[in-house]
Amino acid sequence: MPHHRPARTSYDTVIIGGAVIGASVAWHLATSPHYSGSILVIERDPSFARASTALSSSSIRVQFSHPTNVAMSLHAGQVIADWPDTMGTPSDRPALGYHPGGYLFLAATAQQEATLRANHAVQRAAGADVSLWSRDDLAAAFPHLNTDDIRLASYGNSGEGWFDSAMMMQGYRARARDAGAELLTGEVTALTRAGSRITHVTLASGETIAAGAVVNASGPRAALTAQMAGLHVPVEPRKRTSFVFDCAASPEGSATVNAGRLPLMIDPSGIYVRPEGRYFLTGCAPPLDTAVDFDDFEPRHEDFENIIWPVLAARSPAFEALKVVNAWAGHYAMNTLDHNLVVGPSPEVENFFFANGFSGHGLQQAPAVGRGLAELIALGRYATLDLSAMGYARIAAARPALETEVI
C-alpha cells in the first residue's frame with residue numbers, strides 16, 4: 001500500500017502523479033540497469049476514481065498521422081503481448097485482457113479520404129499493418145453497415161484493440177514498488193526553484209522533500225504542476241462521456257474478418273463505437289469542447305439522444321433499437337496546441353521533465369513514454385525510441401506537431 005509519509009527527506013527522482021504515466025516512468029527507472037537512485041511517486045488520489053487511466057476506454061491503435069505516435073503504439077503492442085513474462089512471477093502471470101478488435105476509420109468526404117490516404121502512407125512507412133478499403137471491401141467485411149456515403153475506409157489488421165487499463169496501471173505500480181520505488185499518498189502544493197533547477201517539493205502536509213529530478217505526470221492537472229515551477233504547458237481538462245448500450249439485435253459476430261469480431265469504428269461524424277462484452281461502448285467530442293472544472297465529472301447524457309444515437313441508427317439497422325445501460329465522464333488532458341503529448345526536459349528548468357498533454361492517448365503511450373523518460377533521466381538521452389519530436393521546444397516556439405487522427 002502507498003505510504004502517507006515519505007521515508008526520506010531527499011529523493012533522486014520525484015514523480016508527481018501516480019496513475020499509468022507516472023507508474024510507467026517509475027517502473028522503467030527502477031528496473032533500469034543505468035539507474036541506482038531513489039524514486040518517489042506522489043499521488044493525490046490512490047483510489048484513482050477520477051484518474052484519466054481509470055475512466056479511459058482503454059484502447060490501442062497504430063492509426064495515427066504522426067510517425068512518433070505510430071512508433072509508440074507499436075512498442076505498446078509488444079509490451080501488452082509480453083506483459084505476463086515481463087511483469088509476472090512464477091506464481092502470478094498477469095494478462096491485460098487484450099481484445100484484438102482493430103480500428104476502422106470511415107471517410108465520407110474528399111478531405112477525409114485525402115487525410116486517410118496521407119495517414120496510411122505514414123503508418124505503412126512506420127511498419128503498421130493497416131489496409132485501405134473501398135466501399136465494396138467495407139460492405140463485404142461488415143455487412144451490418146450502411147456504406148452508401150463512404151468513399152474510403154482504413155482498417156487495422158493487427159496491433160489494435162482494447163485492454164484492461166487498471167491492470168496496466170496497477171501492474172506498473174506494484175512492480176515499481178517491488179523494484180524499490182516508494183509510493184506516497186499526498187498532494188504537491190509547491191515547488192522551490194533556484195535558478196534553472198527545482199530543489200524541493202512541498203506537500204499539503206507541510207513536509208518538504210529535496211529532489212534531484214522532478215517529473216510532471218499530473219494528467220489533466222499538468223498546467224497546475226508546471227505553474228509551480230514557473231513554467232507553462234498548454235494542457236487543460238476536456239470532458240468526454242462514455243456510454244454503454246445494449247442492442248436488441250447485436251451485430252457482433254457478423255463480420256467476415258477477424259473471426260467475426262467488430263472493430264472500434266470511427267464514423268465520419270467523429271462518433272466512435274465498439275463492442276464491450278455483450279454490450280457496446282460509444283462516445284464523441286461534445287459540440288462545444290471547452291475546458292471544464294477539475295471536479296466536473298457529470299456525464300453529458302443529452303449527447304447520446306441528440307447526437308450519437310441518430311448517427312449510429314443511420315449507420316446500421318442493428319443500432320436502431322438501443323438502451324443505455326451505463327454512462328460516465330472522464331477527462332482528456334488536452335494539449336490545446338496540437339493534441340499531442342509533451343515529453344522530456346524543460347529548456348528553462350533542467351531537472352523538470354514533462355509527461356503531459358496526451359489528449360486521450362496516454363494509456364497506449366505510457367510504455368514508450370515511461371521508457372523514454374527513464375532513459376533521459378538515467379542516461380541524459382533517448383537510447384531506443386527518439387521522442388524529441390514531442391519535446392517542449394515546439395511548445396515554446398508555438399510550432400504544432402499536429403495529430404490529425406484524434407477521436
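Guide: Two strands count as paired if DSSP finds at least two bridges between them. Strands (E, at least two residues) and helices (H or I, at least four) are DSSP runs, numbered from the N terminus. The model is predicted: local features need pLDDT of at least 70, side-chain atom pairs count only at pLDDT 80 or more, and totals for chains, interfaces and linings use all residues. Residues are numbered from 1 along each chain as its sequence is written, and side-chain values use heavy atoms, without hydrogens and water.

Visitor: What is the strand order in the open sheet of eight strands?

Guide: Pairing in this open sheet is mixed. Strand 5 (130–133) and strand 16 (322–335) each have a single partner strand, so they stand at the edges. The order is 5-6-4-13-14-15-12-16.

Visitor: Which residue in strand 6 is the bridge partner of L104?

Guide: Strand 4 (residues 103–107) and strand 6 (residues 152–156) run antiparallel. Four bridges join them. L104 is bridged to Y155.

Visitor: What angle does helix 7 make with strand 12?

Guide: Helix 7 (residues 302–315) lies across several strands, including strand 4 and strand 16. Axes are lines fitted to C-alpha atoms, for helices over the stretch in contact (heavy atoms within 4.5 Å). Angles run from 0 to 180 degrees between N-to-C directions. Here the angle is about 55°.

Visitor: Is A398 buried or exposed?

Guide: A398 follows helix 9 (393–396). Buried means under 20% relative accessible area, exposed over 50%, partly exposed in between (1.4 Å probe, protein chains only). At 53%, A398 is exposed.
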